[in-house]
Amino acid sequence: MGRILCVANQKGGVGKTTTAINLAAALAKAGYHTLVADFDPQCNATSGLGCRPILHHPLARGLPIHEAIVPTKVPGLELLPGTRSFRDVERLARDPELAPQIREQLRWGLAGYDFVLIDCPPSVGQLTKTALASSDEVLMPIQCEYFAMEGLAQMIEVIRQVMKSDAPKLQFAGILLTMYDHTLELTLEVEREVREFFGEIVFQTVIPRDVALAEAPSHGLPVIEYAPRSRGTRAYVELSWEVRELG
């Protein structure tokens with residue numbers, strides 16, 4: 001069985017979905033059978049890969065996952081789309097009794113992949129906790145801005161709780177600095193603080209501010225397909241090397 005990475009942060013706008021899509025695409029381009037599982041009711045990972053949300057989510061209804069998985073425009077990359085169904089989202093997010101069933105569904109349904117990246121909602125609710133408990137590793141993107149550290153301690157505490165109660169084998173894949181602008185003193189200050197505090201669990205790769213990363217989802221493509229020579233593409237390819245070395 002491959003590795004399941006949960007891409008999580010309670011803050012929105014930190015590059016979480018961008019990272020799930022583009023890291024997955026870089027891994028697929030390297031020859032790894034890869035899946036993006038969209039757990040966010042906003043379904044941005046789904047639309048960002050050129051697909052439509054599904055009407056009913058298999059995890060909310062106890063159905064086989066493979067029935068909902070669809071191919072993307074990137075060879076080797078598949079998608080478990082998200083849903084905007086209020087009833088399914090509520091059940092997934094509010095019913096803690098579903099958590100063991102969902103973990104079992106994910107473990108069996110995702111066994112054929114080398115890498116699975118779960119894109120979580122920007123919260124520390126039940127849906128994120130279930131995704132964490134179903135994963136092998138957690139990857140946390142944080143934006144290089146003044147409030148970068150805000151809420152990070154709470155997110156890490158939630159991860160530790162999940163490790164203690166539901167997923168003792170869950171590990172930190174790492175913290176990823178996103179929207180990096182080396183010309184800004186604030187960016188350098190945030191990087192210095194994060195690396196001093198968290199040490200080796202911070203990825204060496206940083207994700208730059210790049211207009212190609214912002215434009216690619218509107219074309220339903222990861223940046224490696226939309227702008228293969230862009231700075232964003234190079235960064236996510238380098239990140240994929242780091243992630244593979246962790247395994």
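**Close-up 1. F115 is a buried residue.** F115 has 4% relative accessibility, so it counts as buried; buried means under 20% relative accessible area, exposed over 50%, and partly exposed in between (1.4 Å probe, protein chains only). The model is predicted: local features need pLDDT of at least 70, side-chain atom pairs count only at pLDDT 80 or more, and totals for chains, interfaces and linings use all residues. Residues are numbered from 1 along each chain as its sequence is written, and side-chain values use heavy atoms, without hydrogens and water.

**Close-up 2. Two aromatic pairs are counted**. Rings of Phe, Tyr and Trp (its six-membered ring) pair if their centres lie within 6.5 Å; planes under 30 degrees apart are stacked, over 60 edge-to-face, and the rest tilted. Y32 and F115 have ring centres 5.4 Å apart and planes at 80°, so they are edge-to-face. This pair links distant parts of the chain, 83 residues apart. Y32 is partly exposed, at 28% relative accessibility.

**Close-up 3. F197 and F198 form an edge-to-face pair**. Their centres are 4.8 Å apart, with 75° between the planes. F197 is exposed, at 63% relative accessible area. F198 is buried, at 14%.

**Close-up 4. The largest nonpolar core has 49 residues**. Such a core is a set of buried Ala, Val, Leu, Ile, Met, Phe, Trp, Tyr and Cys residues joined through side-chain atoms within 4.5 Å. F39, I118, L132, M140, I159 and V194 touch the most other members. Apart from this core lies another, of 33 residues, including A20 and L79.

Terms used:
Helices (H or I, at least four residues) and strands (E, at least two) are DSSP runs, numbered from the N terminus.
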